Amino acid sequence: MGEKAGRRRPGPLAGLLVALVVAAGCLGGGLDQGEPEQPGPRRSGQPASPGADSTRADGTTSVAEFKQDFSDAVGIAERYWTDRFRESGKQFQPIRRVVPYTRSGEVSCGGEGLPRNNAVYCSAGDFIAYDVNWSVGAFRQVGDAFLFYLLGHEYAHGVQVRLGIRYNFTIQQELQADCMAGAYIGDNVRSGTLTLAEGDLDEFREGLLAVGDDPNQPWFAEGSHGTAEQRTDSFFRGYENSLDACGLG
Ligand SMILES: [Zn+2]
């Protein structure tokens, strides 16, 4: 887990996807006060990229390209949620910023340094932070679906905060975020904003399910984030049926 980007060897997908699921079971919104120590570029106001269908073959994406793609995904998320809120007669305030990092503790949330190999939404500072090297590694293995899932899931936590959604159990919060990430991707594919490479979602689904079968993953033993099956089901429920499937009320 956490291999640096650039190596493709048989079999690491499961381990990598464990990391993905851990990231998805991110710190979620449960952290209190704090600001990132290193503010990233301000996100709001950047127009969504119309060219986010620039699907690349796995293994050819540089860190710089990934950051750009991630930024595009953020722009699409901003537009997506702005439109959804507008439909409900509400105004959407985009998540304040997105901060890539490479070192443990480089970015803090609520006074706690973020570890490597992770991605989180930090409600304290209203920002998303992600380990860019780890993310690129996962992206190279899994493909575009990973990038949009990762961003879509973390962005969804910010939306939950804005909607005042707070469940008693983490698993509900996480599965809903998975559903919202699926809706974000599915709706944008349906509208033609996004084009995923053929097989991306199948690969994604298989990867997630493979994780569930691995008995050596302590994260699932706790059962607080949902099994791989539950998470995959939630994601695809949103992907196929849009936000109606996500219980946003
Ligand atoms: Zn999460």
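Mentor: Let us start with a term: a residue is called buried when its relative accessible area is under 20%, exposed when that area is over 50%, and partly exposed in between, with a 1.4 Å probe and protein chains only. The model is a predicted one, in which local features need pLDDT of at least 70, side-chain atom pairs count only at pLDDT 80 or more, and totals for chains, interfaces and linings use all residues. Residues are numbered from 1 along each chain as its sequence is written, and side-chain values use heavy atoms, with hydrogens and water left out.

Helices (H or I, at least four residues) and strands (E, at least two) are DSSP runs, numbered from the N terminus. Helix H8 takes in residues 228–241, and its 14 residues reach 20 Å from the first C-alpha to the last, close to the 20 Å expected at 1.5 Å a residue; that expected span is 1.5 Å times one less than the number of residues. Its buried residues are Ala228, Arg231, Thr232, Ser234, Phe235, Phe236, Gly238 and Tyr239. An α-helix has 3.6 residues a turn, so residues three or four places apart point the same way.

Now the wider setting. The protein has eight helices and five strands, and from the N terminus on they run α-α-β-β-β-β-β-α-α-α-α-α-α. Of the 249 residues in the protein, 53% are buried.

Three strands form an open sheet in the order E1-E5-E4, with mixed pairing, where two strands pair if DSSP finds at least two bridges between them. Strand E1 (97–101) and strand E4 (119–122) are the edge strands, each pairing on one side only.

pLDDT is the predictor's confidence in each residue, from 0 to 100; its mean over the protein is 75, and 68% of the residues reach 70 or more. Among the elements, E1 has the highest mean pLDDT (96), while helix H7 (residues 218–222) has the lowest (40). pLDDT also stays under 50 over residues 1–25 and over residues 27–59.

Definitions and conventions
Contact = heavy atoms within 4.5 Å.
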